Amino acid sequence: MQPLIDNARMFGQRPEEFARLAEGQSPDVLFITCSDSRVVPALITGARPGELFELRTAGNIVPPYAPGRPSAEAATVEYAVGVLGVTDIVVCGHSHCGAIGALVRGDDLDAVPAVRDWLAHAADEPASADAADPACAEAVQHHVLAQLLRLRSYPCVGQRLASGRLRMRGWYYEVHTGAVREHLAGTDSFEAL
């Protein structure tokens with residue numbers, strides 16, 4: 001922890017670099033990814049402060065849209081799309097995802113009931129997913145596509161997509177190589193960026 005504290009102390013020593021951030025934010029991208037500590041959106045994309053609006057959840061899960069039942073995830077999506085006017089949404093899954101791996105393996109999650117109940121929002125994993133594959137690549141990629149489909153049910157997303165003012169992208173990040181792949185609809189496959 002001490003190195004993090006030391007960096008935080010030094011971080012505030014450059015106020016001139018951050019003064020413009022007080023004027024507001026206008027990110028172009030809502031980046032939805034896992035809360036896994038190995039997935040760092042700004043590191044992956046090279047984004048500077050103010051360039052990404054992030055939503056991080058266990059397993060990069062976007063819960064189903066439920067009118068009258070607010071959630072932090074729905075509020076974040078709605079704010080990014082409806083107020084900030086992002087032009088792109090990226091859902092980025094990653095290899096070696098503990099959440100998706102637990103689903104693929106059928107792990108007993110009774111000791112962590114909040115995690116178990118949260119993961120109930122995940123997409124059904126493909127029957128052919130290889131439980132012995134520690135990267136869970138196929139299952140994670142399937143899950144990314146399911147989250148993109150689920151986002152379409154959010155009214156603000158559906159409206160912006162219909163007007164052509166929003167694009168959605170599915171990414172798969174390999175934590176063991178640093179490679180990023182994007183889903184291409186034409187081939188229905190994840191290819192290198």
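Strands and helices in this tour are DSSP runs, numbered from the N terminus; a strand is a run of E with at least two residues, and a helix is a run of H or I with at least four. The model is a predicted one.

**Stop 1: Thr33 in strand 1**

Select Thr33, which lies in strand 1. Its relative accessibility is 0%, and Thr33 therefore counts as buried. From here the side chain of Thr33 reaches the backbone oxygen of Cys92 at a distance of 2.7 Å. Display the surroundings next: apart from residues up to four places away in sequence, Thr33 touches Val39, Pro41, Leu55, Arg56, Thr57, Asn60 and Cys92.

**Stop 2**

Strands of a sheet pair through backbone hydrogen bonds, in either a parallel or an antiparallel arrangement. Begin with strand 1 and strand 3, which pair in the parallel sense over five bridges. To locate this pairing, select Val29, whose bridge partner in strand 3 is Asp88. Continue to strand 4: it runs parallel to strand 3, and seven bridges join the two. Here Val90 has Arg169 in strand 4 as its bridge partner.

At the other end of the strand order, select strand 5 (residues 180-184) together with strand 6; these pair in the antiparallel sense over four bridges. Glu182 stands opposite Glu191 in strand 6.

**Stop 3**

Return to strand 3 and show its side chains. Seven of its seven residues are buried, and the strand is mostly covered. Asp88, Val90, Cys92 and His94 point one way, while Ile89, Val91 and Gly93 point the other way.

**Stop 2: the annotated binding site**

Which residues does the UniProt annotation "binding site" cover? The annotation, from an unreviewed entry, covers Cys34, Asp36, His94 and Cys97. These residues span 64 residues in sequence, yet no two of their C-alpha atoms are more than 8.9 Å apart, so they gather at one spot.

Centre the view on Asp36, found in the loop between strand 1 (29-34) and helix 3 (41-45). Asp36 counts as buried because its relative accessibility is 15%, under the 20% cut-off. Leaving aside neighbours within four places in sequence, Asp36 is in contact with Arg56, His94 and His96.

Proceed to His94, whose place is in strand 3 (residues 88-94). With 0% relative accessibility, His94 counts as buried. Leaving aside its neighbours within four places in sequence, His94 is in contact with Cys34, Asp36, Arg38, Val39, Val140, Tyr172, Tyr173 and Val175.

**Stop 3: aromatic pairs**

Finally, display the aromatic rings. A search of the whole structure finds three aromatic pairs, and two of these are visited here, starting with Phe31 and Trp171. The ring centres of Phe31 and Trp171 are 5.8 Å apart and the planes stand at 80°, so the pair is edge-to-face. This pair links distant parts of the chain, with Phe31 in strand 1 and Trp171 in strand 4 (residues 167-173), 140 residues apart. Both Phe31 and Trp171 are buried.

For the other pair, select Phe53 and Tyr79. Their ring centres lie 5.9 Å apart and their planes at 35°, so the pair is tilted. Phe53 lies in strand 2 (residues 52-57) and Tyr79 in helix 4 (residues 72-83), so the pair ties together parts that are 26 residues apart in sequence. Is each of these two residues buried or partly exposed? Phe53 counts as buried at 16% relative accessibility, whereas Tyr79, at 38%, counts as partly exposed.

Conventions. Residues numbered from 1 in each chain as written. Predicted model: local features only at pLDDT ≥ 70, side-chain atom pairs only at ≥ 80, totals over all residues. Heavy atoms only, no water. UniProt positions renumbered as here; feature names shortened; annotations may be inferred. Buried < 20%, exposed > 50% of the residue type's maximum accessible area, 1.4 Å probe, protein only. Contact = heavy atoms within 4.5 Å. Polar contact = N/O pair within 3.5 Å; in protein donor to acceptor, adjacent residues only side chain to side chain. Phe/Tyr/Trp six-rings, centres within 6.5 Å; stacked < 30°, edge-to-face > 60°. Pairing = 2+ DSSP bridges.
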